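Thanks, everyone. Let me walk you through one model. Please bring it up on your screens.

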Amino acid sequence: MRSFPTHRHRLTRSAWSSIGGLVLACSNLLGISEPVPRASAGGAGVPTEAGGDASASLSGSGLGGEVISAAGASGIPASDDARGGAAASTGEQGGMGALAGDETAGGTPGTPTCEDSVKQCAGNEVQHCEDGTWVDEQACAAYCLAGACITPPSCGLLGERTCGDSVSCCRALAVPGGRFIRDYDGKQYTSPHYSATVSSFLMDRFEVSVGRLAAFVNVYPNLRINEGDGKSGHIAGDLGWQASYPLPKSREELLAELHCLNATWVDFEDGDLNLPADLNLPANCVDFYVAYAFCIWDGGRLPTEAEWNYAAAGGNAQREYPWSVNSDDGLDLDHAYYGTTGGLPIDVGIKPRGNGRWGHSDLSGNVNEWTLDYYAQLYPSTECNDCVNAVVQPTRATRGGGYEFNDSAQKVAYRTSGQPDTPRSYTGFRCVRDIPPTVQK
């Protein structure tokens, strides 16, 4: 196992170039590399990629531009175990009950506080109100949103195919909102600053798989994404999709992008999923714009860096790794797939011991993941509420380590970045969905 990748490959629309790695000292990060370790990391970083821009680096707190809608107090927040339930290291987090907009605190049947004909989501279950009492109605295969089971378009070709422990590859799990410190795990990352408040949201349990991406490829480019699509109503500064964002002009151009070195994608005829390749591998070789377009087409968006970080840290549990319940829950190959040289990532969700607090898989290792934010070496603000760094920079923030990354890159607080138009074998993504503020009748 090597401590960090010794090479990276960059794909343009016409060619690849091989590039060298560079280890950065955490005490004096230059911010010109890609991926880039965070300023307070204190460990060996992942390699840089040619073509980085020194202007992506910011030298002090308050620089850059994280859009803030409200300020919060600094310091380690109080426990939110009542919000999120007990820590879950395997399987899915259940019993969270109603989240934002639900009419009861817990969604427990028998609570006479609901109005007849109203529906809500209790975990992944649809409930309806009957004689003032919540009654279980239907368990959802993918996810429950606003009192209804949703099957996103990306599952249209998958049929009965499942991921992980035999659940829908499109499964999304609720993350109950709260406050946490973005730069803190009590071990390597000990800054008491950079607190954030995050609203409840749904997040894909798995990294987007090749099988889900196939449905997107099948309709491409016959999809319509308009200016502002994907915009979150409660995240200040989120403008949604921009008309200036580049996308492949044809399916052939998209397929050329998906065929980077060590790609998980294999071409196939429309609707024919009898492939030698594994459809449960995470989709890689996807640049930021294709990933964002996929999530919007699928009914969601990319997560903000704060949302991704919050889910991986277990909220204010401030976990060192997504699975860390106890201080000695360290890193090994039973929890995450990392530290390899070349080759492919592994199927999504097959390391359940590495699941996060709310049941999400592969938040460390396998592929690292695009977020919505532009990258700043230091967080642009010390406190924020549902924030996104919307000030244009050369790179976008990525999180979660990757199968070719070293040990230190697998920690929750570790940050990397990527040029948004450059697909890589070690970068994939997952989507999130806002939870409406009110239940639906």
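**A buried aspartate and the core beside it**

Start at Asp-298, in the loop between helix H4 (288-297) and helix H5 (305-313). Helices here are DSSP runs of H or I with at least four residues, strands are E runs of at least two, and both are numbered from the N terminus. Ground rules: this is a predicted model, local features need pLDDT of at least 70, side-chain atom pairs count only at pLDDT 80 or more, and totals for chains, interfaces and linings use all residues. Residues are numbered from 1 along each chain as its sequence is written, and side-chain values use heavy atoms, leaving out hydrogens and water.

Is Asp-298 buried or exposed? Buried, at 1% relative accessible area; the cut-off is under 20%, with a 1.4 Å probe and protein chains only. Its side chain makes a polar contact with the side chain of Arg-212, at 2.9 Å. That term means N or O atoms within 3.5 Å, one able to donate a hydrogen and the other to accept it; residues adjacent in sequence count only if both atoms are side-chain atoms.

Now the largest nonpolar core, with 38 residues. Such a core joins buried Ala, Val, Leu, Ile, Met, Phe, Trp, Tyr and Cys through side-chain atoms within 4.5 Å. Phe-294 is among the residues touching the most other members. H4 gives the most to this core: ten residues.

Phe-294 is also in contact (heavy atoms within 4.5 Å) with Arg-212, among others, leaving aside neighbours within four places in sequence.

Methods. Buried < 20%, exposed > 50% of the residue type's maximum accessible area, 1.4 Å probe, protein only.
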